[in-house]
Every structure is written in structure tokens, then in C-alpha cells.
Amino acid sequence: MLIWFCFKFVIHNLYIPLLCFLLVYIGRERYKVNMKIVKYNNKQYYVDNDTKLSKVYLVQEIPTDRQTGQPKFDLTPAIKYGEIKTMFPKLKQMQFSPGPLIIEIKNSLKDFTSDDYLLLYGDPALIGVVCAVASDVTNGRFKLLKWDRIQASYFPIEINLFNK
């Protein structure tokens, strides 16, 4: 009886706490949440650290409301697709001589990959040239974000021009 009591004491007081500690430690490491902070419009957003963030190329800057000074459209739902990079200011227009603007677009999209997204807002001529250059850089494959009014969020559309 004394041996049984000693065995039971050792199991309960040493083995079970050690097992619980190991399970908690392993579980914490497995489901460890790494977050990093992304800033947009002077606000901070937490994004999962394990996923590689793509870039979201906004063609033209969103105009601001004169009374409040806030952008007319909220782009925060697009942050989940990546860091937002604005390509052109809000008053930029395609001129009669588009050559310098095309060079500027090519320089803006030199790091564009097929994992990045285009957010099409602004001058339609600019949007057309940006899509053409993005297609040229990625061999006809690029993604864009489309706004869904009903769900109030963006959803990605994958374009593959040379789909065979």
C-alpha cells in the first residue's frame, strides 16, 4: 500500500504538471500569433507576420472632402491585400503627348509582380496604360481589386491575357 501511495504521489505531483507544461508550451509555439503593424492614413493596422504582404498599386490618389479633409473613399478594406502605394496625385491627367507619362508608369511598376494588385481609380486613360504596362511586366498575368457594394469590401480578380 505504501508503494502504491508513493507511486501515485510521484505521478500526480511530477508527471502530470510536467505533461501540462509541455502541452501548453508546445501549443503556444504552434499557434503563436506574430503580428506586425502597417500604417495607412496615419492609422495603425495589425497584419499577420507570417504572410508575405503584396503591394496594392493605387493608380490615382483619392480626392479629399473639403469640409472634413478625409478621403472620399475608405481604402482600409484593401489593406488586407497589401501595402498601398499611390502612383499619381489626384489631378494628374493623360496629356496629348503620353510618352513621359508612360515612362513614369514603367518606373512606378518596375517592382510589380504577379502577386501584387492594381486598385483602379482615377483617369480612365491612366488606368488603361497602367493595366497595359502591368501586363507587359508580368507576361499577361496580373491581379486587380474590385469593390463590392453589397459586401463592402474588395475582392481580387486575376487576369491572364495569354490563357491557353
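A: What follows describes the pocket first, then a hairpin and an aromatic pair that contribute to its lining. The model is a predicted one, and its largest pocket holds about 250 Å³ of space. The residues that line this pocket are L58, I62, F73, D74, L75, L119, L120, Y121, L145, K146, W147 and Y154, and they divide into 10 nonpolar and two charged, with no polar residue among them.

Strand β6 gives the largest share of the lining, with three residues. This strand covers residues 141-148 and runs antiparallel to β7, residues 153-160, to which eight bridges join it. The two strands form a hairpin with four residues between them, and in that turn A152 has a positive phi of about 55 degrees. L145, one of the lining residues, stands opposite P156 in β7.

Two other residues of the lining, F73 and Y121, also form an aromatic pair, which is edge-to-face, with 5.6 Å from centre to centre and 65 degrees between the planes. Because F73 lies in the loop between β3 (54-60) and β4 (82-88), whereas Y121 lies in the loop between β5 (117-119) and α3 (124-137), the pair ties together parts that are 48 residues apart in sequence. F73 counts as partly exposed, at 44% relative accessibility, and Y121 is partly exposed as well, with a relative accessible area of 28%. The structure holds four aromatic pairs, and the one formed by F73 and Y121 is edge-to-face.

How values were computed
Residues are numbered from 1 along each chain as its sequence is written. This is a predicted model: local features need pLDDT of at least 70, side-chain atom pairs count only at pLDDT 80 or more; totals for chains, interfaces and linings use all residues. Side-chain values use heavy atoms; hydrogens and water are left out. Two strands pair if DSSP finds at least two bridges between them. On a 1 Å grid over the protein atoms alone, a cavity is a set of points where a 1.4 Å probe fits but cannot get out, and a pocket is an open set with protein on both sides within 12 Å along at least five of seven lines; lining residues have an atom within 4 Å of a point. Grid points are joined across faces, edges and corners, and a volume is the space filled by probe spheres set on the points. Ala, Val, Leu, Ile, Met, Phe, Trp, Tyr, Cys and Pro count as nonpolar, Asp, Glu, Lys and Arg as charged, and the others, Gly among them, as polar. Rings of Phe, Tyr and Trp (its six-membered ring) pair if their centres lie within 6.5 Å; planes under 30 degrees apart count as stacked, over 60 as edge-to-face and the rest as tilted. Buried means under 20% relative accessible area, exposed over 50%, partly exposed in between (1.4 Å probe, protein chains only).
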